[in-house]
Structures are given as structure tokens and as C-alpha cells.
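Please look over the structure shown below before reading on.

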Amino acid sequence: MAKVLVLYYSSYGHIETMAKAVAEGAREAGAQVDIKRVPETAPLEVAQKAHFKLDQDAPVATVEDLANYDAVIVGTGTRFGRMSSQMAAFFDQAGGLWARGALHGKVGGAFTSTATQHGGQETTLFSIITNLLHFGMVIVGMDYGHAGQMTLDEVTGGSPYGATTIAGGDGSRQPSENELVGARYQGRKIAETALKLHG
């Protein structure tokens with residue numbers, strides 16, 4: 001059985017919802033799955049004033065946790081076309097894992113959320129994937145087996161580089177069923193790959 005970590009940072013809950021869907025897909029493939037989040041780095045008063053979702057259930061991950069899994073699927077909202085500072089700060093502490101090659105050959109993937117359709121989804125995914133490649137991980141995106149990413153019938157996220165959702169400028173839009181199907185699909189594909197490589 002492959003062990004999969006869904007690691008996320010979510011300010012307003014959109015990525016938290018996507019993380020749960022990614023985990024569902026990985027479990028469908030027979031993997032043992034944990035969902036963890038990275039620490040919040042914004043001061044509490046700033047987070048409260050910005051109405052961050054501070055009641056998330058997932059335990060907080062440590063950098064050393066990453067070495068205990070066959071696959072790590074990383075999700076974070078975009079910040080000006082790149083990953084959030086909270087996720088970047090977490091990876092910036094992983095030099096020891098990099099130095100000893102602790103993540104070489106493990107499977108990695110990325111998912112994200114933006115306010116708008118053109119808010120930097122793909123560049124944010126690439127900013128995550130770049131980190132994972134530097135750790136020596138094998139990257140699995142969201143292939144076109146999830147045909148929902150090609151629909152023109154609705155506004156939707158989705159990219160061959162990873163599952164995505166669109167939150168709306170005020171954060172009021174929640175992940176659509178099509179976006180959640182994509183997240184489950186990617187989670188399943190990553191878990192299936194991990195099972196083939198490490199199961």
C-alpha cells in the first residue's frame with residue numbers, strides 16, 4: 001500500500017475543500033492518505049482581520065513528515081501568480097531533505113485556487129512543481145482523462161498541470177462539482193503511480 005500526503009495551505013477554505021477531494025481520489029486507488037496543512041505565518045490579528053478560515057481540522061505538518069510518504073500532493077492558493085508565502089516558507093525549511101535526497105523518486109503533484117480564470121493558475125502550479133522537481137520527485141499532473149477541464153459549458157478550473165478552482169474576487173464561489181471531480185481524478189492518478197513505483 002502506498003502512503004500519500006495531501007499537504008495544503010488554505011486562507012479561505014477553497015484549497016481545504018480541494019484537498020479533501022484529492023484525498024478521496026487517492027483513497028479510491030487504495031492508498032493510505034493523510035491530509036496535513038502547513039503552519040500559518042500571518043500574525044493572528046492580520047489573519048482575523050482578513051477573515052481567514054482559522055478552524056481547519058487538518059493537523060499541522062512538519063518538514064520531516066514529507067520523507068514518510070511515497071507521494072506528496074501540494075495545494076495552495078495563488079499569490080500574484082506564485083505559491084503562497086506560507087507554502088514557500090515551509091519548503092524553504094526543507095534543505096535537509098534536499099541534501100540527503102530524502103524525496104528522490106517520490107511522486108508529487110500540485111493543485112491551486114485563484115480569484116479569477118486568469119489569475120495565475122498555471123504559473124502557481126509551476127511554482128509548486130519547480131520545488132518538487134528540485135527535490136527529485138516524479139511529477140503527475142491531471143491528464144485529459146479528466147475531460148471536464150476542456151468543457152466550454154461552464155466557467156471552470158482545471159489544467160493538465162494540476163487541479164484548480166476559481167474562488168471569485170470576493171471568495172464567494174466554492175469549488176464546482178467539475179473541479180472536485182478533477183481533484184479526485186488527479187489524486188487517484190498520483191496514488192496509482194505511487195502504488196506502481198512504491199507499492
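**Aromatic rings and nonpolar cores**

Tyr161 counts as partly exposed because its relative accessibility is 31%, where buried means under 20% relative accessible area, exposed over 50% and partly exposed in between, with a 1.4 Å probe and protein chains only. The model is predicted, and local features need pLDDT of at least 70, side-chain atom pairs count only at pLDDT 80 or more, and totals for chains, interfaces and linings use all residues. Residues are numbered from 1 along each chain as its sequence is written, and side-chain values use heavy atoms, with hydrogens and water left out.

Aromatic pairs

- A search of the whole structure finds four aromatic pairs, a pair being rings of Phe, Tyr and Trp (its six-membered ring) with centres within 6.5 Å, and planes under 30 degrees apart counting as stacked, over 60 as edge-to-face and the rest as tilted.
- Tyr12 and Phe52 form an edge-to-face pair, at 5.3 Å centre to centre and with 85° between the planes.
- This pair links distant parts of the chain, 40 residues apart, with Tyr12 in the loop between E1 and H1 and Phe52 in the loop between helix H2 (44-49) and E3; helices (H or I, at least four residues) and strands (E, at least two) are DSSP runs numbered from the N terminus.
- Tyr12 is partly exposed at 45% relative accessibility, whereas Phe52 is buried, with a relative accessible area of 16%.
- Phe126 and Tyr161 form a tilted pair, at 4.5 Å centre to centre and with 45° between the planes.

Nonpolar cores

- The largest nonpolar core has 29 residues, and those with the most contacts inside it include Val4, Val6 and Phe111; such a core is a set of buried Ala, Val, Leu, Ile, Met, Phe, Trp, Tyr and Cys residues joined through side-chain atoms within 4.5 Å.
- Among the elements that give two or more residues to this core are strand E1 (3-9), helix H1 (14-28) and H6, and H1 gives the most, with seven residues.
- A second, separate core of 27 residues includes Val38, Phe52, Val63 and Ala94.

Ala167

- Ala167 is found in the loop between strand E7 (163-166) and helix H6 (177-198), and Ala167 counts as buried because its relative accessibility is 8%.
- Not counting residues up to four places away in sequence, Ala167 touches residues including His14, Ser113 and Ala115, contact meaning heavy atoms within 4.5 Å.
- The C-alpha atoms of Ala167 and Ala115 are separated by 4.7 Å, although these residues are 52 residues apart along the chain.
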